[in-house]
Every structure is written in structure tokens, then in C-alpha cells.
Amino acid sequence: MTFAEIKEGRRLISRMNGRKIKNLILASRSYKSKAFRLSGRNPANPLSLSIEPTTSCNLRCPECPSGLRQFTRPKGMLNPQLLGSILDQTEKDLIYLNLYFQGEPMLNPDFFELVRMARERGVFTNTSSNAHYFALDKARALVDSGLDRLIISIDGTDQDTYKKYRVGGKLEKVIEGTRNLVRAKKENSNRGPLLFFQFLVSSHNEHQIEDVKALGKSIGVDHVLLKSMQVMDMSQPSEFLPKDKKYSRYTVGKNGSLSIRGRFENECWRMWSGAVITWDGLVVPCCFDKDAEHQMGDLKKQGFGEIWNGEKYLKFRKQIFNQRSKIDMCKNCSEGAKVWLTPT
């Protein structure tokens, strides 16, 4: 375990109380129960939620629906009032809030207020950014907001490599923004979000893994994470798949199609531990449902509890635990297939 992981664990523990611990135990025990799996009913409340600040993005990453502008669902910005309503219904048991789904969160003009709302309720907060919007004043505002964890996407250590995937992006802005965040934390007695570089390993940058570790250390980020590349179209190999197979989540079949490595089992902890909510209040089962095709309910029309154990959710969970391979988005899921890269 790294020092950054220890610090993160301490922050998470500091947000716990008796009720949240009891709910965590209930979630763990009921997840292992055959009776609950067969019924699809989840007696625990969500431990974590991912809520989408916006679908908008400044970049055009080629394996991302935001970057490709491919959404069929409406596009927009999360309203603080909607977040407040969601937190009012879930905060007593909620441990972890990921203010990210699709898009670039910093484009939401209310983002810092969104973080404060969750932080004031004692919820651990995380987000992910391409770090193009961290001028010093914005970096200071982010530190002041109380965010606990920030993932910074950096997929190359020189501009030519970086722009292969982060189309339209500028590496110099990422580095400058990260330096500003480190400076803002130092000005605030090192209080502020844990900073993680996330390196999406591809055929274009796999030779720079050691370089990004060195860059992260020189700037002062807390940790560097390696992440395997997801491709949108599994019917054929992608130019982005790394040559070193240990960094790929896929195997290539004889016909060129891709499949997830590992055993494909009828289980998924995400169905029990949390949910994903789009900017406009649609509840979907997980982050692999990028276009909200599997809508469990609409928080503008229903309460969260009504949705959480509603008919759609019960039916979906039962299918996960019986015929998960029949669900298209699950076929491209690294979580259920237990394929991870080890943080470094």
C-alpha cells in the first residue's frame, strides 16, 4: 500500500460514523446472500454515487462519447438544487461521491459549490479532470472547496504523444495547472485534494510509463495511476491497444474482435454498492452505461429510494446475477471481469 493510499484511507475513515458502518456491513453481507441476489432487492443504501457535473468537454478523445460528441441523450449542466435534493435523500449512508461521469467537470460554473455541498454533509469527494482550467485562482478555489481527491488525466509526457489521444489538448496546460494545484495546497498548509496523475496506457505512450512516474514526482503529485484503455467498438482491434499485453484489458480473437480478459462471472459489486446519476437526474446502474440506455428511474419524478428497489432495478440486478453476458455494456466492463492494472 502506498503512502497516498494510506492518506486516502484515513480521509475515508474520518467520514464514517456508526450508521454508515452499519450500512456498509449490511451491503457486504447481503451481496453475498443468494436470497437477496435472486430477488434483486438491495436492503442497504448506496455507499457511493457518481453524479455527472456536465456532458460537455473541451477535448475530442477518440474513444470517448463526450469527445466524439456521440450522445443521443440530452446534454447540459448539473444544477446545485438537484444535487442538494439527491444528497438530502442519500447523505446519511453515503460515504463516497464521485463528481464525474462523462464530460469535463470544470466546465460546470457551479462545480466548486457542488463540492462544498457534499463536503459540508461529510461525504468524501472525488473528481477527474483533463486539467486545462487550473489557472492559479481556480486552483486555489478548488483547494478551498474541500475536494478530497483529484484525478488528472495525462496520457503522454511530450506534446506529440499526449495529443494522440487527448485530441485538442495541450500538455503544457496540464503541467502548469498541476503545478498551480501543488502551489495552492502548499499555501493552504498542504490541505486540499490528493493529486493523482492517471496515465491511460496505449500503443502510443506505453514507452513513457517510467517518464510519467518521474514527471509526477518532480511536480509533486501524490501518486501515478496506470489505467487500461477502453475501446468503444469491440468488433475490431483499436490502434490504441498497447503492444504489451499486461497493460491491455482485452484479448484479440481470430476474427480480430476483442473480448475482456479474465473470467466473466454473474456478479457485480457495483450493483450493490452504488449507482450513477446523469446531470439531469437519470439513474443508471454503472459508469459503463455512458449513454444512459439502462435507465432505472428519473429523480425529477421519483424519490431515490423508490428507484433503488424499484421494479426496473430489481429486474436488472437479477439479470446481472443470472445472465450477465446478455447485457451489452457488461461485455466491455473491466470491473466484473476483474481486470485491473496495479497502481504504481
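**Exercise 1.** Find which residues make the nonpolar surface patch of about 380 Å².

*Solution.* Start at Met 1, Phe 3 and Ile 6: these make the patch. Patch members have over 30% relative accessible area and no salt bridge, and nonpolar side chains (Val, Leu, Ile, Met, Phe, Trp, Tyr) are joined within 5 Å. A salt bridge here is a side-chain nitrogen of Lys or Arg within 4 Å of a carboxyl oxygen of Asp or Glu. Areas come from the Shrake-Rupley method with a 1.4 Å probe, and for residues only the protein chains shown count as cover. Helices (H or I, at least four residues) and strands (E, at least two) are DSSP runs, numbered from the N terminus.

A quick word on the model: it's predicted, so local features need pLDDT of at least 70 and side-chain atom pairs pLDDT 80 or more, while totals for chains, interfaces and linings use all residues. Residues are numbered from 1 along each chain as its sequence is written, and side-chain values use heavy atoms, leaving out hydrogens and water.

**Exercise 2.** Decide whether Thr 55 is buried or exposed.

*Solution.* First, find Thr 55 in the loop between S1 and helix H4 (65–68). Then check its relative accessible area: at 4%, Thr 55 is buried (buried is under 20%, exposed over 50%, partly exposed in between; 1.4 Å probe, protein chains only). Finally, look at its neighbours: Thr 55 touches, among others, Phe 71, Arg 73 and Trp 279, with contact meaning heavy atoms within 4.5 Å.

Terms used: Patch = residues over 30% accessible without salt bridge, like charges linked within 9 Å, V, L, I, M, F, W, Y side chains within 5 Å. Lists of a residue's contacts leave out its neighbours within four places in sequence.
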